[in-house]
Amino acid sequence: VKSRTNNIPEGKQIFEPTGAFKKDYTKSWEYLDKVLTPLEFKAVAKLCRMAKMNTNSLEPFNGDTAIGVIANELNIGRNKVTPMFKRFFNLGVYAKFEVALENATYTKYWILNPYLSFSGKLISSDIAALFKGTVIERIYHLVL
């Protein structure tokens, strides 16, 4: 029996092996393209690039992050941050999660909707469950 040194078919290669494996979902993005302004769409794309692998955490952003820090990071005007993020929250682009850990200070997290974009192979079922019933999750499952 001839053994193969790898399972990559002939004529194929691993493309950018040091790159992160990221999944984006077309239906969700097409919906956002219809309902968001170009500036809002750009901000959501930046949030997707910021999301941490396997958790989709938008760290360091949370409810205590200064508006100026968010505006600077996303390259948007300070007066646009609050209405923009209110809209993103109502659409289900991100969720706010708060927890008090035993050996840590009270912490707040912002988590990007995995039905929009996700980095990694496995997701905690709890994270996915946070977004059940959001507009983005409904659009993701919409049968065309």
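Me: At what angle do the axes of helix H3 and helix H4 cross?
Reply: Helices here are DSSP runs of H or I with at least four residues, strands are runs of E with at least two, and both are numbered from the N terminus. Axes are lines fitted to C-alpha atoms, for helices over the stretch in contact, and angles run from 0 to 180 degrees between N-to-C directions. H3 covers residues 67-74 and H4 covers residues 78-91. Their axes come within 8 Å and cross at roughly 95 degrees.

Me: What kind of model is this?
Reply: Residues are numbered from 1 along each chain as its sequence is written, and side-chain values use heavy atoms, leaving out hydrogens and water. Local features need pLDDT of at least 70, side-chain atom pairs count only at pLDDT 80 or more, and totals for chains, interfaces and linings use all residues, since this is a predicted model.

Me: How are H3 and H4 oriented to each other?
Reply: Angles under 35 degrees count as roughly parallel, over 145 as roughly antiparallel, 65 to 115 as roughly perpendicular and the rest as oblique. The crossing angle of H3 and H4 is roughly 95 degrees. H3 and H4 are therefore roughly perpendicular.

Me: Which residues of H4 meet H3, and how does the contact divide by residue type?
Reply: A contact means heavy atoms within 4.5 Å. From H3 come Ile67, Gly68, Ile70, Ala71 and Leu74, and they meet Arg78, Val81, Thr82 and Phe85 of H4. Ala, Val, Leu, Ile, Met, Phe, Trp, Tyr, Cys and Pro count as nonpolar, Asp, Glu, Lys and Arg as charged, and the others, Gly among them, as polar. The residues of the contact of H3 with H4 divide into six nonpolar, two polar and one charged.

Me: Is Ile70 buried or exposed?
Reply: Ile70 is found in helix H3 and touches Phe61, Thr65, Val81, Phe85 and Trp110, not counting residues up to four places away in sequence. Buried means under 20% relative accessible area, exposed over 50%, and partly exposed in between, with a 1.4 Å probe and protein chains only. At a relative accessible area of 3%, Ile70 is buried.

Me: Which residues of H4 make the contact with H2?
Reply: The axes of H2 (residues 38-50) and H4 come within 11 Å and cross at roughly 75 degrees, and the two helices are therefore roughly perpendicular. H2 brings Leu39, Glu40, Ala43, Val44 and Leu47, and H4 brings Lys80, Met84, Phe85, Arg87 and Phe88.

Me: Which ring does the charged end of Lys96 sit over?
Reply: A charge sits over a ring if NZ of Lys or CZ of Arg is within 6 Å of the ring centre and within 35 degrees of the ring normal. The charged end of Lys96 is 4.8 Å from the centre of the ring it sits over, that of Phe89.

Me: Which residues does the cis peptide bond join?
Reply: Most peptide bonds are trans. In the loop between H2 and H3, where Pro60 is found, a cis bond with omega of about 20 degrees joins Glu59 and Pro60.

Me: How many helices and strands does the chain have?
Reply: Along the sequence the pattern is β-α-α-α-α-β-β-β-α-α. The chain has six helices and four strands.
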